[in-house]
Amino acid sequence: MDLATDRDARKRDAAISTQSGGSFRPFDPAPDQVRLADIAHGTANVCRAAGQSRFFYSVALHSVYVSQELAAMGESPQVQLYGLLHDASEAYMADVPGPLKPHLPNYRRAEQGVQAAVWEAFDLPDPSETAWKAVKHADDRLQRYELPELIPSQDWEGERPDLGYDLRRDARENVPALFTERAAALIGETAASLP
């Protein structure tokens, strides 16, 4: 299918083009369409906080930090990999701010389907309830750490965890490479595969 020139809108809109030269169908995702390079590139180009941050801070860097927090919490490499990939669907679907998601049930269904294709592409079982709870705990800690720096004009409830990440400095690194290296290291410590 030639996505750029196909005159039939149904065919043209059925898939998105990916950085690796492939295509991805968000409403009919298949594990063989998932590529680590596309996840790393795509999430590195999606800004957290609906783009309202005082500097660009990517979903990919946030995900690397989530996986590092899980390591600091003593979680297994597989749970750390779940943390790294917890927002992988956003490489193909962008980041919809949390307050909007409950009002977009079709988006939620598509997001769940894409995430299931990601798990399968990496030969990972769906995360257990315990593993997912650990991922969400690390994700929430990171959010409480990130938001006061990303959007300092707001008053934030609760105590900001002292996590020591330099969000601005690290955002200038080659984030897709950081993401890919972290994924490769964790895959090497688990039974997961590299798509």
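The buried residues of α7 are A131, A134, V135, A138, D139, L142, Y145, E146, L147, E149 and L150, where buried means under 20% relative accessible area, exposed means over 50%, and partly exposed lies in between (1.4 Å probe, protein chains only). This is a predicted model in which local features need pLDDT of at least 70 and side-chain atom pairs count only at pLDDT 80 or more, while totals for chains, interfaces and linings use all residues. Residues are numbered from 1 along each chain as its sequence is written, and side-chain values use heavy atoms, with hydrogens and water left out.

**Overall fold**

- The chain contains 9 helices and 2 strands; helices (H or I, at least four residues) and strands (E, at least two) are DSSP runs numbered from the N terminus.
- Along the sequence, the order of these elements is α-β-β-α-α-α-α-α-α-α-α.
- The radius of gyration is 17 Å, close to the 16 Å from the globule rule for 195 residues, so the chain is as compact as a globular protein of that length. The radius is taken over C-alpha atoms, and the rule is 2.2 Å times the number of residues to the power 0.38.
- Taken along the principal axes, the C-alpha atoms fill a box of roughly 55 × 40 × 30 Å.

**Burial, contacts and charge**

- Of the 195 residues in the chain, 45% are buried.
- Among contacts with a separation of 6 or more, 63% come from residues 24 or more positions apart; a contact means heavy atoms within 4.5 Å.
- The chain exposes about 10,400 Å², and carbon and sulfur atoms supply 47% of that area. Areas come from the Shrake-Rupley method with a 1.4 Å probe, and for residues only the protein chains shown count as cover.
- There are 20 positive and 30 negative side chains, and the centres of the two sets lie 4 Å apart. Lys and Arg count as positive and Asp and Glu as negative, without His and the chain ends; each charge is placed at NZ of Lys, CZ of Arg, CG of Asp or CD of Glu.

- Helix α7 (residues 129-150) has 22 residues and reaches 30 Å from its first C-alpha to its last, close to the 32 Å expected at 1.5 Å a residue. The expected span is 1.5 Å times one less than the number of residues.
- The cover over the buried residues of α7 includes α3 (59-72), α4 (77-85) and α8 (167-171).
- Helix α6 (residues 105-121) has 17 residues, and its end C-alpha atoms are 24 Å apart, which agrees with the 24 Å it should span.
- Buried residues of α6 are Y107, A110, E111, V114, Q115, A117, V118, W119 and A121. They pack against β2 (23-24), α2, α4, α5 (90-93) and α7.

**Loop residue V46**

- V46 sits in the loop between α2 (36-44) and α3, and its relative accessibility of 13% makes it buried.
- Apart from neighbours within four places in sequence, V46 is in contact with F56, Y57, S58, V59, E90 and D95.
- The C-alpha atoms of V46 and A60 are separated by 7.8 Å, with the two residues 14 apart along the chain.

**Positive phi angles**

- Most residues other than glycine have a negative phi.
- A94 is not a glycine, yet has a positive phi of about 70°. A94 lies in the loop between α5 and α6 and is partly exposed, with a relative accessible area of 38%.
- D123 belongs to the loop between α6 and α7 and counts as partly exposed at 48% relative accessibility.
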